[in-house]
Amino acid sequence: MSNKKISIIYLFFFIIPYVLCLSIIGVSYNSLVLHALTWRIVVGGIVGAFGMFAVKVIAQRPVLIMYRSSTRKILKDLLHFFVLERNKVVIGANLFVDFWLSMLSIYLIARFLPLSLILGRTMGWLVFLLMISLTLASYLEFESLSIYTEKKK
């Protein structure tokens with residue numbers, strides 16, 4: 001798999017969904033908690049960090065495949081941060097980063113979106129964009145990232 005293809009798949013399969021998932025955390029938490037910008041934002045950050053960790057665990061196989069296929073150093077370093085099969089320090093760093101990004105997302109959503117929009121159709125649009133991004137990534141390179149192999153006769 002070429003570096004260009006890995007970069008495109010990484011964008012549609014990880015970066016865009018990562019940002020959209022953080023937005024979903026922000027919208028969800030602000031929809032559920034009226035006073036999200038008090039001490040409760042820490043609870044949202046903790047819940048968001050573990051939610052993002054669960055999403056990253058699901059994507060480990062494609063990340064490993066792209067990491068092993070990549071030859072460009074910067075791309076390899078970006079992918080390497082999301083490989084959770086290594087040690088507890090990397091897992092802790094991922095949780096720490098996700099904690100702060102979740103709190104930032106909750107804060108930015110509460111600060112810049114009106115409550116009527118948060119409680120309205122925002123979640124549906126975010127999930128819709130997430131599905132489009134994942135569908136495009138899957139369409140682009142499903143066979144290379146798949147754990148299923150077709151037996152040739």
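Before looking at helix pairs, I noted that axes are lines fitted to C-alpha atoms, for helices over the stretch in contact, and that angles run from 0 to 180 degrees between N-to-C directions. Helices here are DSSP runs (H or I, at least four residues; strands are E, at least two), numbered from the N terminus.

I'm working on a predicted model, where local features need pLDDT of at least 70, side-chain atom pairs count only at pLDDT 80 or more, and totals for chains, interfaces and linings use all residues. Residues are numbered from 1 along each chain as its sequence is written, and side-chain values use heavy atoms, with hydrogens and water left out.

**Helices 3 and 4**

I started with helix 3 (residues 60–69) and helix 4 (residues 73–81), whose axes come within 9 Å and cross at roughly 155°. That makes the two helices roughly antiparallel (over 145 degrees; under 35 is roughly parallel, 65 to 115 roughly perpendicular and the rest oblique). Who touches whom? On helix 3 I found Val63, Met66, Tyr67 and Arg68, and on helix 4 Lys76, Leu79 and His80 (contact means heavy atoms within 4.5 Å). I sorted the contact residues of helix 3 and helix 4 into four nonpolar, one polar and two charged. For that sorting, Ala, Val, Leu, Ile, Met, Phe, Trp, Tyr, Cys and Pro count as nonpolar, Asp, Glu, Lys and Arg as charged, and the others, Gly among them, as polar. Helix 3 passes helix 4 in a left-handed crossing, meaning the near helix is turned anticlockwise from the far one by less than a right angle (clockwise is right-handed).

**Helices 1 and 4**

Next I checked helix 1 against helix 4: their axes come within 11 Å and cross at roughly 35°. This crossing is left-handed. Asn3, Ile6, Ser7 and Tyr10 of helix 1 meet Leu75, Leu78 and Leu79 of helix 4.

**Helices 1 and 5**

Is the crossing of helix 1 and helix 5 left-handed or right-handed? It's right-handed. Helix 1 (residues 3–32) packs on helix 5 at an angle of about 60°, with the axes 8 Å apart, and the two are therefore oblique. The contact of helix 1 with helix 5 has 10 nonpolar, five polar and one charged.

**An aromatic pair**

I looked up Phe96 and Trp100, which both lie in helix 5 (residues 88–112), four residues apart, about one turn. Their ring centres are 6.2 Å apart and the planes are at 70°, so the pair is edge-to-face. Rings of Phe, Tyr and Trp (its six-membered ring) pair if their centres lie within 6.5 Å; planes under 30 degrees apart are stacked, over 60 edge-to-face and the rest tilted.
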